[in-house]
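Subject: Model handover

Hello,

Here is the model for your files. Please look through it before reading my notes.

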Amino acid sequence: MEIRIIVPEEKLLEVFGAYDERLKELKRMFPSVKISARGSELRLRGSESDVEMVREKIMRMIEGGDIYDGEEPYDEEGDVIVTFKKKIKPLTENQKLYIRMIEENDIVFAVGPAGTGKTFLAVAMAVKYLREGKIERIILTRPAVEAGESLGYLPGTYEEKVYPYLIPLYDALFSMIPYDRVKRMMEARIVEVAPLAYMRGRTLSDAFIILDEAQNTKAVQMKMFLTRIGPRSKVVITGDVTQIDLPKHEKSGLTEAISILQGIEGIAFVFFDKEDVSRHRIVKSIIEAYERHGL
């Protein structure tokens, strides 16, 4: 596929950059797309999905914002998180604190019961950072707590076996980015959803990385994950220490991290409670009922 884009004269600097630095950066980010320039015309050549991703990035530069699928651009005010599909606003004080901590720190641990917005708001911030060009990719990961023998008995490839564990991350993503765009982003590896085991041996740079359901990581897995973080990355780790599914003899990597990483500059902890539940009102009552029974 080949397309041409005419860059308005007044936007040449925004797109090309001084000494063509931004254009060179585009070529480094998308090596599979041949990008050539003649005057104010850019020519993109490559696969349809890759060319479309580069075209969208260039159009964001030209428009000074983003492409909104026919919608008007949003005004960003206060705590509002602007994604590709909608605006998201934190509802409780802890949720507002959570957003601030993500902005101000390299690593944020979000700990609390289900329904408090831990994962949803983290994905929203990741999408916001991608939209604003602050990162180059989003990586969403979860431990597959049955990644041993029991998964081996299931049919299909390893990816098919762990897919059910990743559905909540896909759900959050699709609520903020149109499905077709998510598909293109995944093909271009701008968005990656993968089990935690896939993080081993990698260096995760220029990324917004979310480790969800971290209470089900083993201590060695948590250390492995935290030591994968590369330059210019933002990390959010979410979990509920009351919902640990590991064998009794296994210590949760999340509870261990909470106890040993306090006080390190650049790492923040936000603790949610039932007052932060943003799901159906009955969820709060369910949590309270279980608490009364010591569960």
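Predicted model: local features only at pLDDT ≥ 70, side-chain atom pairs only at ≥ 80, totals over all residues.

Residues are numbered from 1 along each chain as its sequence is written, and side-chain values use heavy atoms, with hydrogens and water left out.

Confidence

pLDDT is the predictor's confidence in each residue, from 0 to 100. Its mean over the chain is 82, and 85% of the residues reach 70 or more. Helices (H or I, at least four residues) and strands (E, at least two) are DSSP runs, numbered from the N terminus. Over residues 65-76, where pLDDT is under 50, the model has 29 contacts beyond four places in sequence; contact means heavy atoms within 4.5 Å. Over residues 146-151, also under 50, there are seven such contacts.

Overall make-up

The chain has eleven helices and eleven strands. Of its 295 residues, 49% count as buried, where buried means under 20% relative accessible area, exposed over 50%, and partly exposed in between (1.4 Å probe, protein chains only). Among contacts between residues at least 6 apart in sequence, 69% join residues at least 24 apart.

Two strands pair if DSSP finds at least two bridges between them. On that basis, six strands form an open sheet in the order E8-E7-E9-E10-E6-E11, with parallel pairing. Its edge strands, each pairing on one side only, are E8 (191-195) and E11 (267-271). Direction ignored, neighbouring strands are turned by 15 degrees against each other on average; axes are lines fitted to C-alpha atoms, for helices over the stretch in contact, and angles run from 0 to 180 degrees between N-to-C directions.

E6 is joined by five bridges to strand E10 (residues 234-239), the two running parallel, and Val111 has Gly239 of E10 as its bridge partner. Five bridges also join E6 to E11, again parallel; there Phe109 is partnered by Phe269 of E11. Four of the five residues of E11 are buried.

Helix H10

Which elements do the buried residues of H10 pack against? They pack against E6, helix H9 (219-226), E10 and E11. In H10 (residues 253-260), the buried residues are Gly253, Leu254, Ala257 and Ile258. These lie on the same side of H10 because they cover an arc of only 140 degrees around the axis, the arc being that of the directions from the helix axis to the C-beta atoms. The face turned away from the buried side of H10 carries the exposed residues Ser259 and Ile260. At the start of H10, the backbone nitrogen of Leu254 has a side-chain oxygen of Ser252 within 3.1 Å.

The three-stranded sheet

A second open sheet has three strands in the order E1-E3-E2, with antiparallel pairing. E1 (2-6) and E2 (34-38) are the edge strands, each pairing on one side only. The twist averages 20 degrees from one strand to the next. E2 pairs with strand E3 (residues 41-45) in the antiparallel sense over five bridges, and Arg38 has Glu41 of E3 as its bridge partner.

Regards

How values were computed
Polar contact = N/O pair within 3.5 Å; in protein donor to acceptor, adjacent residues only side chain to side chain.
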